Amino acid sequence: MTATLSQLDDGIVRGMAIGAVFTDYAGKISCLDFHRKEDLLVTSSEDDSIRLYNTTSAALSKTTYHKKHGADRVSFTHHPSSILCSSRYNVESGESLRYLSLYDNRCLRYFKGHKDRVVSLCMSPVNDSFMSGSLDHSVRIWDLRVNACQGILRLRGRPSVAYDQQGLVFAVAMEGGAIKLFDSRSYDKGPFDTFLVGGDTAEVSDIKFSNDGKSVLLTTTNNHIYVLDAYGGEKKCGFSLEPSRNIATEAAFTPDGQYVISGSGDGTLHAWNINTVQEIACWNTHIGPITALKWAPRRAMFATASTALTFWIPNESSSS
């Protein structure tokens, strides 16, 4: 499982194959996240578990259960054994976000303020700031070191949030295909730009920047995927997938920003070359609709989640 990230091409992406599968979950996996610098992956699941994996050895390192609050969205902080986790239960009590140490299974801090489920969670790549978007129609900006919320953005609909890789800009996507870009250092002055994804009024379920900051990836609740120019908002390409009831699929850029990979409602996985706008691969996972998907930051590897966790790595015999 130690394939490093060489220059990706159509053959390598097409040749990605299952390297490991973990099937001991007692419910759907809600979310997964790779650490930016360490070979670690964390998952949260409807069975109230948070699980930490070593991606080099493809081994489960630790499992903790969170029966009181559950485990919904999950994100690494900069420390490899500390994570942010949103609550599935008791959200109305205000304890919607927790800062957890997986090392000794302690809650380091509660972040109170949201009145409904957190559906988007993103850690700044450069400092201790993070953002959460909630079904209470707000985005809150926090600092790991402080209990109190640092800023609130009131919005329409279901918000999705993302930082760019330099942490200078963050994007908030909302109802009607609107994307607002903010300067992280002066977000209180309002957005410096707003894009509209023309013709698609579905809510955005997920938004991500490419590593080079040039592109933005949007996934909508009706399973359309768009790649936009991050500077002007123009649509570079768009793809449509088989929808799935009550499951918003997730898409991801490869680290070089040249490919998009996504799950689909029928359980298939798809990969597209952004430059040629061609689908270059389709895999049948046989494990149901993909609920979460991310590409590892520094490796030729991605992970998909449903009721099982699957690691995908290059198949040397089939890559050209």
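Two strands count as paired here if DSSP finds at least two bridges between them. Strands themselves are DSSP runs of E with at least two residues, numbered from the N terminus. What you are looking at is a predicted model, where local features need pLDDT of at least 70, side-chain atom pairs count only at pLDDT 80 or more, and totals for chains, interfaces and linings use all residues. Residues are numbered from 1 along each chain as its sequence is written, and side-chain values use heavy atoms, with hydrogens and water left out.

Let's start with tryptophan 295, whose bridge partner in S27 is phenylalanine 302. That contact belongs to the pairing of S26 with strand S27 (residues 302-305), which is antiparallel and runs over 4 bridges. Zoom out and you find an open sheet of 4 strands, ordered S1-S28-S27-S26, with antiparallel pairing. Strand S1 (16-22) and strand S26 (292-295) are at the edges with a single partner strand each, so one side of each has no neighbour in the sheet. From one strand to the next, the twist averages 20 degrees (axes are lines fitted to C-alpha atoms, and angles run from 0 to 180 degrees between N-to-C directions).

Now for the rings. Phe, Tyr and Trp (its six-membered ring) pair if their centres lie within 6.5 Å; planes under 30 degrees apart are stacked, over 60 edge-to-face, and the rest tilted. By that rule there are 14 aromatic pairs. One of them joins phenylalanine 130 and tryptophan 142, stacked at 6.2 Å centre to centre with 15 degrees between the planes. Phenylalanine 130 sits in strand S11 (residues 129-134) and tryptophan 142 in strand S12 (residues 138-143), 12 residues apart. Phenylalanine 130 is buried at 0% relative accessibility, and tryptophan 142 is buried at 0% too (buried means under 20% relative accessible area, exposed over 50%, partly exposed in between, using a 1.4 Å probe and protein chains only).

Phenylalanine 302 comes back here: its ring and that of tryptophan 312 have centres 5.4 Å apart and planes at 5 degrees, so they are stacked. Since phenylalanine 302 lies in strand S27 and tryptophan 312 in strand S28 (residues 309-314), the pair ties together parts 10 residues apart in sequence. Phenylalanine 302 is buried at 0%, and tryptophan 312 is buried at 3%. Elsewhere, Tyr163, Phe170, Phe182 and Tyr187 make up one aromatic cluster.

Next, a hairpin. Strand S8 (residues 97-101) pairs with strand S9 (residues 106-111) in the antiparallel sense over 5 bridges, and serine 101 stands opposite arginine 106. There are 4 residues between the two strands, and asparagine 105 in the turn has a positive phi of about 55 degrees.

Cysteine 107 is partly exposed, at 32% relative accessible area. For cysteine 237, the closest cysteine sulfur is 17 Å away, in cysteine 282, again too far for a bond, and cysteine 237 is buried at 4%.

Residues 22-63 are 0% helix and 57% strand, with end C-alpha atoms 13 Å apart.

Key:
Disulfide = S-S within 2.5 Å.
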